[in-house]
Amino acid sequence: MALTKEEREQFLSEPHVAALSVTAGDQRGPLTVPVWYQYRPGDEPWVLTGAGSRKHRLIEATGRFTLMVDRVEPTVRYVSVNGAVSRIEPGTDDLLVEVTKRYLPPAAVEPYLEMARREHGESVVIYMRPQHWLSADLGGF
């Protein structure tokens with residue numbers, strides 16, 4: 001059964017690890033990788049990634065990407081959202097902190113941030129304008 005707009009936006013706003021997919025050319029399937037992302041109902045989802053990374057280059061070249069999140073407990077549920085890139089901006093430390101706090105327990109936040117600041121280099125934040133949604137909840141099956 002398809003989710004309502006409110007249900008799918010609420011589900012996407014939860015801290016699931018998303019599968020990000022972007023077209024990778026005529027001779028291969030899409031690049032599909034796990035990513036941390038941020039989303040608030042009614043806003044644009046965004047991802048933070050390395051500046052010049054393959055993911056960044058492909059998204060910039062195609063101008064669109066897909067995020068898909070799912071779960072199996074307490075019911076099988078998924079949400080997939082696809083859309084055009086609305087903007088790409090330099091990543092900031094504030095965004096890194098925000099997405100890290102979304103996914104990691106409090107005790108792990110500072111150690112992760114120290115490592116990321118030291119090893120990850122420059123980043124970009126890529127925002128999506130949602131255009132197409134697919135969602136379902138299989139209930140108690």
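Buried means under 20% relative accessible area, exposed means over 50%, and partly exposed lies in between (1.4 Å probe, protein chains only). The model is predicted: local features need pLDDT of at least 70, side-chain atom pairs count only at pLDDT 80 or more, and totals for chains, interfaces and linings use all residues. Residues are numbered from 1 along each chain as its sequence is written, and side-chain values use heavy atoms, leaving out hydrogens and water.

**Exercise 1.** Classify E98 and R40 by accessibility, and state how their side chains meet.

Solution. Step one: E98 has a relative accessible area of 24%, so E98 is partly exposed. Step two: R40, at 43%, is also partly exposed. Step three: their side chains form a salt bridge (2.9 Å, N to O), a term for a side-chain nitrogen of Lys or Arg within 4 Å of a carboxyl oxygen of Asp or Glu. E98 lies in helix α3 (residues 93-103) and R40 in the loop between β2 (31-35) and β3 (46-50), 58 residues apart. Helices (H or I, at least four residues) and strands (E, at least two) are DSSP runs, numbered from the N terminus.

**Exercise 2.** Find how strand β5 (residues 77-90) pairs with β4 and with β6.

Solution. Pairing requires at least two bridges found by DSSP between two strands. First, β4 (residues 64-71) pairs with β5 in the antiparallel sense over eight bridges, with R64 opposite A84. A hairpin of five residues joins β4 to β5. Next, β5 pairs with β6 (residues 123-137), again antiparallel, over 13 bridges; here P90 faces V124 as its opposite residue.
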